[in-house]
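Hi there,

Here is the structure I promised to pass on. Have a look at it first, and then read my notes below.

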Amino acid sequence: MSRPVIFDLFHTLVHGADDERDRVVGEMALVVGVAPSALIAASHATWPDRLVRWDVEETVRILAGRLGGTPTDAQVTRAGGHRRALARRVLGTVSTATLDVLDALRDDGHPLALISNATSETAEAWPQSPLARCFDVAVFSCEVGLAKPHPAIYRIAAERLGVAPAECVFVGDGADGELAGAAAVGMTVLRTTEHNDTDPSWDGRAFATLGDLPALLCESAGPSSASTSDGRVG
């Protein structure tokens with residue numbers, strides 16, 4: 001079997017759309033009657049909670065309440081709809097070139113998994129996204145209650161693929177310490193800079209476009225490209 005490949009999602013397969021996220025949160029603030037700048041700041045500050053604990057409606061109610069808002073159920077639903085629409089749009093921006101690479105990897109026998117630090121609306125939108133058909137396994141932090149770089153989330157993905165972590169290659173931009181987390185459980189790590197140069201301090205192998213990945217996977221499978229002790233390609 002070709003080596004399993006585990007991908008990050010945002011800034012790896014699709015752009016993270018950070019500016020658009022802030023714009024949408026500002027629109028949500030107007031719906032629920034709080035200051036846009038305050039809701040944007042609160043959204044950033046509660047990222048760790050939103051990744052593993054709250055769904056969309058909980059997030060709206062909790063954050064609006066902390067800011068002195070008292071939104072109605074209808075306002076909460078409307079604001080949540082803005083966030084869900086954003087998730088669908090972002091996942092829909094995946095390029096044909098990216099889908100072609102993923103299809104080629106599957107055709108070559110690579111099992112594919114996804115690990116994403118993502119809030120609930122992304123997990124909800126995933127099954128209808130163009131990317132979903134390409135993956136054997138998708139692990140979202142909001143569904144398992146763990147976020148990268150916690151070692152257990154990498155092990156969950158490997159277990160669902162039916163392999164050991166050390167058999168896997170992890171591909172990501174490096175946000176949230178994900179590269180070191182993957183290396184710590186024994187995965188070979190490849191950093192992508194296609195959408196964002198997120199972790200330039202990482203001194204392992206990096207590549208500029210997803211189209212470069214198949215050749216790197218061939219190199220990492222060869223006898224002269226063994227992983228170093230921390231999981232980085234040597």
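Predicted model: local features only at pLDDT ≥ 70, side-chain atom pairs only at ≥ 80, totals over all residues.

Residues are numbered from 1 along each chain as its sequence is written, and side-chain values use heavy atoms, with hydrogens and water left out.

Ser-43 counts as buried, because its relative accessibility is 7% (buried means under 20% relative accessible area, exposed over 50%, and partly exposed in between, with a 1.4 Å probe and protein chains only). You'll find Ser-43 in helix H2, which covers residues 36-45. Leaving aside neighbours within four places in sequence, Ser-43 is in contact with Val-25, Arg-50 and Leu-63 (contact means heavy atoms within 4.5 Å).

Now try His-82, which is found in helix H5, residues 73-91. With a relative accessible area of 26%, His-82 is partly exposed. Not counting residues up to four places away in sequence, His-82 touches Val-24, Glu-27, Met-28 and Val-31. The C-alpha atoms of His-82 and Val-56 are separated by 10.0 Å, and these two residues are 26 apart along the chain.

Zooming out, the protein chain has 11 helices and six strands (DSSP runs numbered from the N terminus: helices are H or I with at least four residues, strands are E with at least two). The chain's radius of gyration is 19 Å, close to the 17 Å that the globule rule gives for 234 residues, so the chain is as compact as a globular protein of that length (the radius is taken over C-alpha atoms, and the rule is 2.2 Å times the number of residues to the power 0.38). Along its principal axes, the C-alpha trace spans about 60 × 30 × 30 Å.

What about the inside? Buried residues make up 51% of the 234 residues. The largest nonpolar core has 51 residues, and those with the most contacts inside it include Phe-7, Trp-126 and Leu-213 (such a core is a set of buried Ala, Val, Leu, Ile, Met, Phe, Trp, Tyr and Cys residues joined through side-chain atoms within 4.5 Å). There is also a second, separate core of 20 residues, with Ile-6 and Val-185 among them. In soluble globular proteins, nonpolar side chains tend to be buried together.
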